[in-house]
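The sequence and the structure come before the discussion.

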Amino acid sequence: MSKQISLNVFTMNCVGHLNGGLWRHPSDQAYRYKDLDYWVELALIAERGKLDAIFLADVLGMYDTYGGNADASIREAMQTPVNDPLLIISAMAYATQHLGFATTHSTTYIQPYLLARKFSTLDHLTKGRVAWNIVTSYLPHAAKNLGLDDLLPHDERYARADEYLEVLYKLWEESWDEDAVIRDVEKGVFTDPSKVHKINHIGKYFKVPGPHVCEPSPQRTPVLYQAGQSSKGRDFAAKHAEAVFTMYPTKDLVEDYIKDIRQRARNFGRNPDNIKIIPGFVPIVGETEEVAQAKYEAYKKFSSYDAALAHTGGATGIDFSQYQPTQVIADIKTEAHQGMLGIFARSTPGSASKHVRDWTMEEIAKTAALGSFMPVVVGTPDKIADWIEEWSSIGADGFNITELEHSGTVRDFVEMVVPVLQKRGIFRTEYKYKDLRSRLYQREQAHLPEDHPARTIVKEVVQ
Ligand SMILES: Cc1cc2nc3c(=O)[nH]c(=O)nc-3n(C[C@H](O)[C@H](O)[C@H](O)COP(=O)(O)O)c2cc1C
């Protein structure tokens, strides 16, 4: 059988995710982001297309670098306003049976003990259909509103996140035995206390005695998503993640990334095939090439220079308003989001950006407004499917379908491209597995696999 791909919808609980200015497009529905109807409709479309999951990005602050304030982000709805992604999942899960839900949470701003409970609860409510996108957060605005003077240094955020994961593995994997809950009415024992264990974690950043307050959920640990792009970020992803994501614009950048992540995974003693690599892309599909091109032109017309640079500037920590549209961006070091900068700063050490020429401000803005730096693939369903097959052949395990037009991008993809992928035998026609992790690995695998570092960490605690 041909290799089967994974497909996620990549979106956010806001008006403008990675599509600056597109809310002005007459068909865009993102203004309805506050309505459960809108999210349930999206979930039903995704489930109709047998997609793997809806992947919700999130940030905890505003993009306030551009011009030294958040005006552009506020004016142009660039990830502002942004509602909590977790709170919309229960409704979508109730309306569906198979679709997975990935949500972003930051290791920097919520205690691991609390995060463990949120995800255990959601994993119970969805019957094992949740993933956690682990981020360390790059917005100084979030840091300042969440009790810090400024953003923690980049590498320290990852060091802290590493210990954070250790705490979570202990809570999710070790704290409750599988048979702790017995619900013995006669003896009057709901849970056997001898099967619920403290974790006694004392580390550099966290002190958590435990036990976890939730009983084991179907997956115990939610499926772990991550998208670190810097060297530290890639190491973190290679150690912990089960699925990693890219926004690289070119095939050779993704190919380099795949080789690099798989090698780093081996260095952590993991089977490199147990880390799935999911590039993002923006499909613009039409029944004919002309229809698709016309859609593309309309999207370009509504895209916004300021919104795109407010987002890119906020994510990289650079105030792009100081540059002229024709100016080329030189090498700049940033504490915020080194991976994105590496794409267009030609000589950033350790980045794979040798494949990409220098960028002018205008090029950055025009590109970023339509899906950040992800490839935009415009054409007929067959052309989009050809592109998917070509990128799968370099080792991509699946793709993030990134919305330009809410929810038109996903609806068009499900109605026009999915049938072609199914006909070519590279995408499921029916859901097979109950939980999201098994679907990702395409085998019965509700819990973390044996080669995952969590297993070693937990064993060390037990001994
Ligand atoms: C597909 C994708 C999705 C991401 N989603 C989020 C998100 O929702 N919230 C966030 O704070 N960062 C998000 N990021 C940023 C990453 O977590 C990470 O900070 C970024 O890639 C920079 O990593 P680096 O600092 O290791 O270079 C995302 C990145 C990618 C590629």
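Is Phe413 buried or exposed? At 1% relative accessibility, Phe413 counts as buried, where buried means under 20% relative accessible area and exposed over 50%, with partly exposed in between (1.4 Å probe, protein chains only).

## Basis of the values

This is a predicted model, in which local features need pLDDT of at least 70 and side-chain atom pairs count only at pLDDT 80 or more, while totals for chains, interfaces and linings use all residues. Residues are numbered from 1 along each chain as its sequence is written, and side-chain values use heavy atoms, with hydrogens and water left out.

## Aromatic pairs around Phe281

Rings of Phe, Tyr and Trp (its six-membered ring) pair if their centres lie within 6.5 Å, and planes under 30 degrees apart count as stacked, over 60 as edge-to-face and the rest as tilted; by this rule the count comes to 18 aromatic pairs. The rings of Phe281 and Phe399 have centres 5.8 Å apart and planes at 70°, so this pair is edge-to-face. Because Phe281 lies in strand β11 and Phe399 in strand β13, the pair ties together parts 118 residues apart in sequence; strands (E, at least two residues) and helices (H or I, at least four) are DSSP runs, numbered from the N terminus.

Phe281, buried at 0% relative accessibility, also forms an edge-to-face pair with Phe413, at 6.3 Å centre to centre and 75° between the planes.

## Helix α8

The buried residues of α8, including Leu253 and Tyr257, pack against α7, β10, β11 and α13 (contact means heavy atoms within 4.5 Å).
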